[in-house]
Amino acid sequence: GPGVTFQARLRAMHEFPGGVFPIAPRSAAIDPKGEWLYLTGYAWKAAWNQDGLHGVVRLRLDGKEAPQPFAGDMKQEQQGSDDARLSLPLGVTCDASGRVYVADYMNDRIQVFADSGKLLKTLRTPKPVHVDIHPKSGELFVFSWLVGNDRMVRELAEAESRHQGMKPIPPTLTRYEAIDWAPAGKEAAPKALGSHPLPLDGVGPTAGSYMGVMPVGLPHRVAVDFWAKEPMVWLSEGSRNGVTWNGNIRIFALEKEGLKLVRDFTKDVEKEDPQPRTPYHGRQRLYFDHRHQKLYVGEQFPDPLHIKSFTDVIQLDPLTGKGKLVPLPFDC
């Protein structure tokens, strides 16, 4: 099929040279007829650059044509708050009727479009990142958390110049009843059925300085399992600085009092993995003992922060997957 990236120019700062880079989408949705693929979330995080493009594109699943603009604008710095524009759209989904829901992050709204591109409704909701729709009830599951971008950085600088802080953006799941399409008018006001804090330890409830608690990139992913007896929330957590030691998936049941942890894959890993910590910078070194048929994995850890050596290795049996930690006489 065709390529789905769009070009963006990133500014040079310090040792980062800047330049033009291909930007890929983070969110995709297929319409119920299986004809169209919608893409958005063309956001990036590079050295001293975090922002995104401000549009939604679509392409036919049975064609070879490149993605075409559907909503907003795919050129840089073409954000806006009117009906024709978007500002950092991060998520897209479709309902059973083929309507397209776009999480318009910096405009604090969800824009609902017909498949023709006509704007149907606007749902006001704070900082939406991801939207899921219950296939039977039509309820909306809207997820919000802090996503850093150039406009937010500028707003923060302006607030600090007035000796003010930014409004907190807590990680939250909000459930809304299905949209009532009978009333005329653009604005939709579905009832919130409940709001639950998300257990995202990597990002706090408030925004801070650009290189402080302003998050790096798009570290979290979420999905709702509607095939379970009751909806289950699957959550993958990154961290504020792009590194986490507990970056596995957790599953939560949605109960009246909040989200209840059902399964933590990190705990599963800890039962079997002799070294469950994530290697710093993702660095791993592989060595194979041909005589004893054992694989050795050397991994670095931030103690001190930027070491490139290691003082132990994981010994793995390739036939069974069993492993153990082997200390070394000195660091390598």
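Here are some notes on the aromatic rings in this predicted model.

1. Ring pairs overall. There are 7 aromatic pairs in the structure. A ring pair is described by the distance of the centres and the angle of the planes, and two of the pairs are taken up below.

2. Buried or exposed, for F6? F6 has 18% relative accessibility, so it counts as buried, given that the cut-off is under 20%. Y42 is buried too, with a relative accessible area of 0%.

3. F141 with F226. This is another edge-to-face pair, at 5.2 Å centre to centre and 75° between the planes. It also links distant parts of the chain, 85 residues apart: F141 is in strand β14 (residues 140-144), and F226 is in the loop between β18 (221-225) and β19 (232-236). F141 is buried, with a relative accessible area of 0%. F226 comes in at 13% relative accessibility and therefore counts as buried as well.

4. Charges over rings. R58 lies over the face of W36, at 3.6 Å from the ring centre. K127 is placed over the face of Y105, at 5.9 Å from the ring centre; the distance cut-off here is within 6 Å.

Note on methods:
Residues are numbered from 1 along each chain as its sequence is written. This is a predicted model: local features need pLDDT of at least 70, side-chain atom pairs count only at pLDDT 80 or more; totals for chains, interfaces and linings use all residues. Side-chain values use heavy atoms; hydrogens and water are left out. Rings of Phe, Tyr and Trp (its six-membered ring) pair if their centres lie within 6.5 Å; planes under 30 degrees apart count as stacked, over 60 as edge-to-face and the rest as tilted. Buried means under 20% relative accessible area, exposed over 50%, partly exposed in between (1.4 Å probe, protein chains only). Helices (H or I, at least four residues) and strands (E, at least two) are DSSP runs, numbered from the N terminus. A charge sits over a ring if NZ of Lys or CZ of Arg is within 6 Å of the ring centre and within 35 degrees of the ring normal.
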